[in-house]
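Hi,

Here is the structure I promised to pass on.

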Amino acid sequence: MSAHHEEKIIKVSPERLYNLMNQKLQAAGLDQDQAEETAKHLTFADMSGIHSHGAVRVEYYAERINKGGITNQPNISFEQTGPSTGIFHGDNAQGHFVANKALVPAIGMAKESGVAVVGISKMGHSGTLSYYMRKIADANLVGIAMCQSDPMVVPFGGAENYFGTNPIAFCAPNNGDEPLIFDMATTVQAWGKILDARSKGIEIPDNWAVDQKGHPTTDPNQVNGLLPISGPKGYGLMMMVDILAGVLLGLPSGNEVSSMYHNLHEGRNLGQMFILIDPEKFVGIEPFKAQITNMMRNLTQIIPAPGFDRVQYPGQPGNEAYNRAKVEGVLIPESIINYLESDDIHFDNYEGMGAFAN
Ligand code: NAI
C-alpha cells in the first residue's frame with residue numbers, strides 16, 4: 001500500500017475498522033484468536049495516531065500469513081527460568097498476539113517478586129510497543145519494553161546498515177485515566193516519514209538518513225540507511241536493545257535479524273524484552289502514582305517557548321488522539337478501507353521488496 005499521491009482520508013468507527021481487519025486477517029488464513037488480537041492492536045495504533053503501525057500494515061501481514069510465514073495454532077509456552085525471569089516462546093506466531101500473551105506471566109511475576117524480566121523468543125512483527133505499555137500501566141506496574149526490527153540503520157560513522165530501528169518504550173501508572181507512555185524508535189525518523197516525503201516530492205532534513213556511500217542526504221529517493229538519534233548515543237541505545245531483546249535470548253542479532261520483506265514464507269525469529277517493576281516494592285503504589293500525576297501536571301503547566309502552543313507530557317499526543325478517536329472515529333486513507341472491504345487477500349507486492357523501496 002504505497003502513498004505516491006494525495007490520499008483521500010475518511011473517518012471510520014473503531015468497531016468498523018476492527019471488524020474489517022479481523023475479517024481480512026482470517027481470510028488470509030490466520031486463526032481466529034490471532035486475528036482478533038492483531039486487529040485489536042492495529043485499531044489501537046490508528047486510534048492513537050500511530051498510523052505507521054496500524055491498518056496500513058494489513059496487506060503486508062496478509063501476504064506473509066498467506067505464504068505461511070506466520071504459525072497458525074502455534075505452540076506457545078512460558079518457561080520460567082528464575083524467581084523473576086523467563087522466556088516466552090512465540091513459535092513465530094503473529095508478534096502482536098505473542099507479545100500480548102507474554103504479558104500475562106510477566107505481570108503475574110512482577111506482582112509476586114517485585115520485578116519481571118521476560119524475553120520473547122521468536123515472533124513476527126509486534127507493532128507499536130505503546131499497546132503493551134498501556135496494559136502494564138493499567139496493572140499498576142512500571143514497564144520497559146524493547147524489540148528488534150529490520151537492519152536499516154547505519155552505525156555512527158558507518159556506510160553500511162547493521163542495527164534495526166529498535167524501539168524502546170517506558171510507562172508509569174498514575175491517578176488519571178491517561179497512562180504516561182514514552183515510546184520511540186531509536187532512529188531520528190521512521191522510514192514511513194521518508195516515504196511520505198518521497199510521495200510529496202519534498203526534501204528531508206540532512207540528519208535523517210544517508211545515501212549508498214554513507215553521505216547524509218536530503219533526497220528521499222537516495223536513502224539507503226537511516227541515522228540513529230543523536231549520533232553515537234542513539235547508536236548505543238539501539239545496540240542495547242539488540243542485546244537485551246536478541247542476544248540474551250540466543251536469537252539472530254545485528255544485520256542477521258530478518259527483514260520484513262524477505263522470505264515471507266518463513267518465520268521472522270524476532271525478539272522482544274519486557275522489564276516490569278512493581279512500585280509497591282519501592283515507594284509504594286499510591287505515593288508513586290501521586291508523584292507521577294503531579295509530574296505530568298507540572299510538565300503541562302511549563303511556560304511554552306516561542307513557537308510552541310503548550311508543553312505536553314511524553315505520550316500526550318497519542319493519548320489525546322486515542323480519546324478523540326473513541327468519540328469521533330479514526331482517520332484512515334480511503335484506499336486502505338477499499339482494500340479491507342474487497343475480496344482481495346494481497347497483491348504479492350511485498351516479497352523481495354528492498355527495505356528502501358516504496
Ligand atoms: P514518535 O517520534 O512519533 O514519538 C516518540 C515519543 O515522543 C512518543 O512517546 C510521543 O508521544 C512523544 N512525543 C511526540 N511529540 C511530542 C510532543 N510534542 N510533546 C511530548 N511528547 C511528544 O515515535 P516513533 O519513534 O516514530 O515511533 C513510532 C512507533 O513505532 C512506536 O510506537 C514504536 O513502538 C513503533 N516501532 C515499532 C517497531 C517494531 O519493529 N515493532 C520498530 C520501530 C518503531
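Let me start with the cysteines. Cys147 counts as buried because its relative accessibility is 6%; buried here means under 20% relative accessible area, exposed over 50% and partly exposed in between, with a 1.4 Å probe and protein chains only. Cys171 is buried too, at 0%. If a disulfide is a pair of cysteine sulfur atoms within 2.5 Å, the count comes to zero. Cys147 is in no disulfide, and the nearest cysteine sulfur, that of Cys171, is 15 Å away. Seen from Cys171, the closest cysteine sulfur is the one in Cys147, and 15 Å is too far for a bond.

Before you read on, two caveats. This is a predicted model, so local features need pLDDT of at least 70 and side-chain atom pairs count only at pLDDT 80 or more, while totals for chains, interfaces and linings use all residues. Residues are numbered from 1 along each chain as its sequence is written, and side-chain values use heavy atoms, with hydrogens and water left out.

Now the ligand. It has 22 residues around it, and the closest are His53, Gly127, Thr128, Asp183 and Ala185 (a residue is near if one of its heavy atoms lies within 4 Å). Strand β7 (residues 180–184) gives the largest share of that shell, four residues; strands (E, at least two residues) and helices (H or I, at least four) are DSSP runs numbered from the N terminus.

- Asp183, at 2.4 Å from a ligand oxygen
- Thr128, at 2.7 Å from a ligand oxygen
- His125, at 3.4 Å from a ligand nitrogen

Taken alone, the ligand exposes 870 Å², and the protein buries 71% of that (Shrake-Rupley areas, 1.4 Å probe).

Next, helix α4, residues 95–113. Its 19 residues should span 27 Å at 1.5 Å a residue, and the end C-alpha atoms are 26 Å apart, which agrees; the expected span is 1.5 Å times one less than the number of residues. Among the buried residues of α4 are Phe97, Leu103, Ile107 and Met109. Just after α4, Gly114 takes a positive phi of about 100°.

Gly82 and Gly127 are 45 residues apart in sequence and 28 Å apart in space, C-alpha to C-alpha.

Cheers

Key. Polar contact = N/O pair within 3.5 Å; in protein donor to acceptor, adjacent residues only side chain to side chain.
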